[in-house]
Amino acid sequence: TLEAGFGFGHVDVGRCGAELSPAETSNNCTSFGVFSRVVNRTSFNFGITQILGKATTGALVFDIGLESGDQSKPYRYVPMFSPDAAAQAPLGAPFAWVTANRLPERPLEQTPLSKRRIAATARLAHRFDGSTLRLEERLYADTWENKSTTTDLRWLIDASSRLTLGPHVRYHLQSGTNFFKRVYRAQLAPQIVLPNFRTTDRELGPMWGITGGASAYWRLSAEKEEASLSWMLYASGDGLFDFYTDSLYIKSRQAVYGTIGVEAVFE
């Protein structure tokens, strides 16, 4: 099976509720004639799914993205530091330390005005006697020099003719963009000189993360029953741990999330 897709997105970025006086409300927005940014995103994807055997299927998908415009967050300010303070900044420096040691200058975030990205995803599924193994690997790179690898494994075991249970594990590793820094230095004399690109977005920096959990599928109709409509309930739960190896404010993040749903199959 071959597949191809195309997508286009257009975003007009503005500002609302920033630096309001006590008498103003958050509904007051800056006119686009005063402040506005345009971001365009174009995407292409191509894929092939192949039956590799009686119980095995494989897939390979390529995603290409072209992004142009200023993607900087209009509400994100980046602290600047002197060389001495920057050398002492600890990993995950708390807000109080940043406030006490930063320079008065606090410019808006600024990222490059264009990005080209590509990702390749390989999927493999194999049916054993009484279980199914699904393995996925995704490689990513972009012109901001961020590279990442994501490995996802899911094993579904038939506990009965109607109930399927299984573990899930996912690992993600990324290098971070070429302009990301834990702290940014500013030159104050003879004039103020700021770095061209700057951000405190930890998702643009180096990091790794691991996710683990389990899922369950319960068929409400027996396989042997002849029906034009069959139902299935499913639930999943995962725990997530991310570690940011060179960021301000936080060093790690923990989270739990779950999904409950119902599926209907028409035949």
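**Disulfide, aromatic contacts and enclosed spaces**

Cys-16 is partly exposed, with a relative accessible area of 32%, and Cys-29 is likewise classed as partly exposed, its relative accessible area being 46%. Both values, like those that follow, were computed from a predicted model. The sulfur atoms of Cys-16 and Cys-29 lie 1.8 Å apart, and because this falls within the 2.5 Å cut-off the two residues are assigned as a disulfide. The link between Cys-16 and Cys-29 is right-handed, with 105 degrees about the S-S bond. The pair connects distant parts of the chain, although Cys-16 and Cys-29 are both placed in the loop between β1 (2-13) and β2 (37-53), 13 residues apart. By this rule, the count for the structure comes to one disulfide.

The structure holds eight aromatic pairs. In one of them, formed by Trp-144 and Phe-179, the ring centres are 5.4 Å apart and the planes stand at 75 degrees, so the pair is edge-to-face. This pair, too, links distant parts of the chain, since Trp-144 belongs to the loop between β6 and β7 whereas Phe-179 belongs to the loop between β8 and β9 (184-185), 35 residues apart. Trp-144 has a relative accessible area of 4% and is therefore buried, as that value is under 20%; Phe-179, at 5% relative accessibility, also counts as buried. Together with Phe-197, Trp-144 and Phe-179 form one aromatic cluster.

Charged side chains also meet aromatic rings. The charged end of Arg-106 sits over the ring of Tyr-77, at 4.8 Å from the ring centre, and the charged end of Arg-202 sits over the ring of Tyr-244, at 5.5 Å from the ring centre.

A search of the whole structure finds one cavity of 30 Å³ or more, and the largest cavity contains about 50 Å³ of space. By residue class, the lining of the largest cavity divides into two nonpolar, three polar and four charged residues.

Among the open spaces, the second largest pocket has a volume of about 230 Å³. This pocket is lined by 13 residues, and those nearest its centre are Arg-134, Glu-136, Asp-152, Arg-154 and His-168. At least two lining residues are supplied by each of β5 (114-128), β6 (131-142), β7 (147-158), β8 (163-174) and β11 (229-244). The lining of the second largest pocket comprises four nonpolar, two polar and seven charged residues.

Finally, the backbone was considered. Most residues other than glycine have a negative phi. Glu-145, although not a glycine, has a positive phi of about 65 degrees. This residue lies in the loop between β6 and β7, the loop that also holds Trp-144. Whereas Trp-144 is buried, Glu-145 is partly exposed, with a relative accessible area of 46%. A positive phi of about 75 degrees is likewise found at Tyr-249, which is not a glycine either. Tyr-249 is placed in the loop between β11 and β12 (252-266), and at 33% relative accessibility Tyr-249 counts as partly exposed.

Definitions and conventions
Residues numbered from 1 in each chain as written. Predicted model: local features only at pLDDT ≥ 70, side-chain atom pairs only at ≥ 80, totals over all residues. Heavy atoms only, no water. Helix = DSSP H or I, 4+ residues; strand = E, 2+ residues; numbered from the N terminus. Buried < 20%, exposed > 50% of the residue type's maximum accessible area, 1.4 Å probe, protein only. 1 Å grid on protein atoms, 1.4 Å probe; cavity = no way out; pocket = protein on both sides within 12 Å on 5 of 7 lines; lining within 4 Å. Points joined across faces, edges and corners; volume = space filled by probe spheres on them. Nonpolar A, V, L, I, M, F, W, Y, C, P; charged D, E, K, R; others polar. Phe/Tyr/Trp six-rings, centres within 6.5 Å; stacked < 30°, edge-to-face > 60°. Lys NZ or Arg CZ within 6 Å of the ring centre and 35° of its normal.
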